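Subject: Structure for your review

Dear colleague,

Please find below the sequence and structure that I am handing over to you.

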Amino acid sequence: MRNNKGPGGQRGGGQRSGTRDEGAITGRGLKTRVKTAHKRTLSSTLWLDRQLNDPYVAEAKKRGYRSRAAFKILQLDEKYHFFKIGGRIVDLGAAPGGWTQVAVDRVHSADGRGKVIGIDLQVVEPIPGATIIELDFMDASAPEKLKDLLQGQADVVLSDMAASSTGHAQTDHLKIIDLAETALAFACEVLAPGGTFIAKVLQGGATNELLVPLKKHFASVKHVKPDASRKDSAEIYVVAQGFRS
């Protein structure tokens, strides 16, 4: 998946932190059958079946990632090459920490060669090489607290934020777009020239309210669904590269 190299301009010497396809699954086991317990609902049985037989869940456990979502950002990076050794990363909606773990590994921040900052309203267990604050990003104080920790410009701003589902597709779409718009406004304040912004949206993609500033401030804007994103999930990601103020 080493193709479609995005616009450059990011700091960190342009070095990549690895060459192998780390977003790939190394092997699949036999399917595990889930017996329906007396007190278990059908929906919980189906969820458990999906978890037990999801190769990305198994691979995440094998590699020590906190969630299968780590493979989404790995696969996006293998395609668009936004993580650089020594890079400065902000992870919005970091819990449980899978994306943050990948960022730390890719920029080598645990060795003092980059900086990774995460934020989430949920508690995130400490990750060596990352600074994580427990706070709702939509809180008015959040952007300034992140800037104080960053102490400079960022190379990549990530947003895997998602509001609680209402079950109404249009409402859920508008809620997640609102989060993405807020994340974009923050990204435009902190990104270095040539930087990257990645945010979760839903199928249907970014609305005009989001696309207009994206296309204004970035040289390349793409909608992508990583292989690790479940086929039955409506999520896709907008990948914007080549930031220009």
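**The sheet and its helices**

Phe197 stands opposite Ala240 in β7. Strand β5 (residues 191-202) and strand β7 (residues 235-243) pair in the antiparallel sense, over 7 bridges; two strands count as paired if DSSP finds at least two bridges between them. Helices (H or I, at least four residues) and strands (E, at least two) are DSSP runs, numbered from the N terminus. In general, strands of a sheet pair through backbone hydrogen bonds, either parallel or antiparallel.

The model is predicted, so local features need pLDDT of at least 70 and side-chain atom pairs count only at pLDDT 80 or more, whereas totals for chains, interfaces and linings use all residues. Residues are numbered from 1 along each chain as its sequence is written, and side-chain values use heavy atoms, with hydrogens and water left out.

The chain has 7 helices and 7 strands. From the N terminus on, its elements run α-α-α-β-α-β-β-α-β-α-β-α-β-β. An open sheet of 7 strands has the order β3-β2-β1-β4-β5-β7-β6, and its pairing is mixed. At its edges are β3 (130-134) and β6 (218-224), each of which pairs on one side only. From one strand to the next, the twist averages 15°.

Helix α6 (residues 169-190) packs on the sheet, where it touches β1 (88-92), β4 (154-159), β5, β6 and β7. Contact here means heavy atoms within 4.5 Å. The direction of α6 makes about 170° with that of β5. Axes are lines fitted to C-alpha atoms, for helices over the stretch in contact, and angles run from 0 to 180 degrees between N-to-C directions. Helix α7 (residues 208-217) lies across β5, β6 and β7 and runs at about 135° to β6.

**Helix pairs**

The axes of helix α3 (residues 70-80) and helix α4 (residues 98-107) come within 7 Å and cross at roughly 40°. The two helices are therefore oblique to each other; angles under 35 degrees count as roughly parallel, over 145 as roughly antiparallel, 65 to 115 as roughly perpendicular and the rest as oblique. On the α3 side the contact is made by Ala70, Lys72, Ile73, Leu74, Asp77 and Glu78, and on the α4 side by Gly98, Trp99, Val102 and Arg106. By class, these residues divide into 5 nonpolar, 1 polar and 4 charged. Ala, Val, Leu, Ile, Met, Phe, Trp, Tyr, Cys and Pro count as nonpolar, Asp, Glu, Lys and Arg as charged, and the others, Gly among them, as polar.

Helix α2 (residues 55-63) also meets α3: their axes come within 10 Å and cross at roughly 90°. That makes α2 roughly perpendicular to α3. Tyr56, Glu59, Ala60 and Arg63 in α2 meet Phe71, Leu74 and Gln75 in α3, a contact with 4 nonpolar, 1 polar and 2 charged residues.

For helix α5 (residues 142-150) and α6, the axes come within 11 Å and cross at roughly 35°. Here Pro143, Leu146, Lys147 and Leu150 of α5 meet Phe186, Glu189 and Val190 of α6. This contact has 5 nonpolar, no polar and 2 charged residues.

**Burial and backbone details**

Buried residues (under 20% relative accessible area, with exposed over 50% and partly exposed in between; 1.4 Å probe, protein chains only) make up 47% of the 245 residues in the chain. In α4, 9 of the 10 residues are buried, so this helix is largely enclosed by the rest of the structure. The buried residues of α4 pack against α3, β1, β2 (115-120), β3, β4 and β7.

The loop between β1 and α4 contains Pro96, and the peptide bond from Ala95 to Pro96 is cis, with omega near 0°. His108 lies in the loop between α4 and β2 and has a positive phi of about 65°, although it is not a glycine. His81 is likewise not a glycine and has a positive phi of about 55°. This residue lies in the loop between α3 and β1 and is buried, with a relative accessible area of 10%.

Yours sincerely
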